[in-house]
Amino acid sequence: MKIAKTLGQFIIEKQADFPYAKGELSRLLRDIGIAAKIVNREVNKAGLADILGENGTTNIQGEGQKKLDVYANEQFISALKHGGECCIVASEENDDYIHLDTDVSTDAKYIVAIDPLDGSSNIDVNVGIGTIFSIYRRKSTKGRAVLQDVLQRGVEQVAAGYVIYGSSTMLVYTTGKGVNGFTLDPSIGEFCLSHPEMKIPKDGVIYSINEGYYVHFPDGVKKYIKYCQVEDDKTKRPYTSRYIGSMVADIHRNLIKGGIFIYPITASAPKGKLRLVYECNPMAFIIEQAGGKASNGYERILDLEVTELHQRSAIFIGSENMVHKAEEMMAYFSPQVTKKTFEGLVAIQ
Ligand SMILES: O=P(O)(O)OC[C@H]1O[C@](O)(COP(=O)(O)O)[C@@H](O)[C@@H]1O
Ligand SMILES: [Mg+2]
Ligand SMILES: [Mg+2]
């Protein structure tokens, strides 16, 4: 039987890619892997344990928190705190960023932004959910890290990854040198290298968007959806529509099979719904590293200026040629419009 390489072994091996690094990033990734296993254990028995359902609280974005949102948040923060390599964690579930003040972590080099449980609406119905993380190097050199250390553009990320709790559990990550995927082998309790050097196909036949909001989409998105549905043998259209409603699961599928995931601005979410810091930027980093493309319809996600912790953005992400085509439609049918004119456009349709 072939022995698979574990995440821990792989991380140590890859340490050689960063000759000046002292191993902190490797340890940080290992800590995230450990927390992912703990969360996975709880996700797997969610129907049995008293972990399903609402927590009775809301996050800063006014979204109801599920018990599992809160549990996952606590586990990741606790793992990062005990690991001592992270000085600040910014989470979807906390209004503000958190200083992990311990003897070691106050001087730690890394900032972690995290969506501890992505796809919350799917928790109670046994559908794929995930965790998304993003790692930055701290910029400030004295005292405690500050907000500006967190508000870095996506292009500054040193690593990013996601965990998908699905029919199997996988951890996929990049440190800017390609993308590798690890499947959790429950018999040994280790993530094992199963998807080395992941590449997203340049073209695909899957488009993923919540078409229920069609009337609220900008014209460029409406035209792109129609383009996906028109018959054309050469480009293998009509495409297949697949939308799970968990960003991690939708993008993971498209990474493997080829496809595009879109969450545009809508009349009710004029800045988009998904969060730039802990959803769009890490997924954009991974998809770019796999050879794909990520944009807000006009500009590269990783270049966007970050001004707020819970900033939202539209996202068009996936196979390069598909994202390019969607951008063309946006440029032609929805040339960059202000919120005001966009709402005007929706109103007269
Ligand atoms: O229900 P909608 O509007 O289609 O939104 C679905 C999107 O919202 C999210 O669930 C938001 O993530 P959270 O569950 O972390 O809040 C994405 O995973 C998903 O792509
Ligand atoms: Mg999310
Ligand atoms: Mg979440």
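User: Leaving out residues up to four places away in sequence, which residues does G119 touch?

Analyst: G119 touches G128, I129, G130, G245, S246, M247, V248 and A249, with residues up to four places away in sequence not counted. Two residues are in contact if their C-beta atoms, placed from the backbone, lie within 7 Å. Please keep in mind that this is a predicted model, where local features need pLDDT of at least 70 and side-chain atom pairs count only at pLDDT 80 or more, while totals for chains, interfaces and linings use all residues. Residues are numbered from 1 along each chain as its sequence is written, and chains are lettered from A and ligands numbered from 1 in the order in which they are written.

User: Where does G119 lie, and is G119 buried or exposed?

Analyst: Helices (H or I, at least four residues) and strands (E, at least two) are DSSP runs, numbered from the N terminus. G119 lies in the loop between β5 and β6 (129–137). For burial, count the other C-beta atoms, placed from the backbone, within 10 Å of a residue's own: 20 or more is buried, 12 or fewer is exposed, and in between is partly exposed. G119 has 21 other C-beta atoms within 10 Å, so G119 is buried.

User: Which residues does UniProt list with G119 in a "binding site" feature?

Analyst: An unreviewed UniProt entry places a "binding site" at D118, G119, S120, S121, N210, Y243 and K273. UniProt positions follow the numbering used here, feature names are shortened, and annotations may be inferred rather than shown by experiment. K273 is found in the loop between β13 (260–263) and β14 (274–275). K273 is partly exposed, with 19 other C-beta atoms within 10 Å. Neighbours within four places in sequence aside, K273 is in contact with Y263 and R312.

User: Which residues have a "binding site" feature along with E92?

Analyst: The unreviewed UniProt entry places this "binding site" at E92, D115 and L117. They span 26 residues in sequence, yet no two of their C-alpha atoms are more than 8.9 Å apart, so they gather at one spot.

User: Why does D115 count as buried?

Analyst: D115 counts as buried because 29 C-beta neighbours lie inside 10 Å. D115 sits in strand β5 (residues 110–118). Beyond residues up to four places away in sequence, D115 touches E92, T131, I132, Y278 and E279. L117 is also found in strand β5, and L117 counts as buried, with 30 C-beta neighbours inside 10 Å. With residues up to four places away again left out, L117 touches L68, D69, A72, I129 and T131.

User: Now to helix packing. At what angle do α6 and α7 cross?

Analyst: Two packed helices are described by the angle between their axes and the distance between the axes. Axes are lines fitted to C-alpha atoms, for helices over the stretch in contact, and angles run from 0 to 180 degrees between N-to-C directions. The axes of α6 (residues 247–257) and α7 come within 12 Å and cross at roughly 10 degrees. That makes α6 roughly parallel to α7; angles under 35 degrees count as roughly parallel, over 145 as roughly antiparallel, 65 to 115 as roughly perpendicular and the rest as oblique. α6 passes α7 in a right-handed crossing. A crossing is right-handed if the near helix is turned clockwise from the far one by less than a right angle, and left-handed if anticlockwise.

User: Which residues make the contact of α6 and α7?

Analyst: M247, I251 and L255 of α6 meet E279, M283 and I287 of α7. By class, this contact has five nonpolar, no polar and one charged residues. Ala, Val, Leu, Ile, Met, Phe, Trp, Tyr, Cys and Pro count as nonpolar, Asp, Glu, Lys and Arg as charged, and the others, Gly among them, as polar.

User: How many residues of α7 are buried?

Analyst: In α7 (residues 276–289), 14 of the 14 residues are buried, so this helix is largely enclosed by the rest of the structure. Just after α7, G291 takes a positive phi of about 95 degrees.

User: At what angle do α1 and α2 cross?

Analyst: The axes of α1 (residues 7–14) and α2 (residues 24–44) come within 10 Å and cross at roughly 165 degrees. That makes α1 roughly antiparallel to α2. α1 passes α2 in a right-handed crossing. L7, G8, I11 and I12 in α1 meet S26, L29, R30 and G33 in α2. By class, the contact has four nonpolar, three polar and one charged residues.
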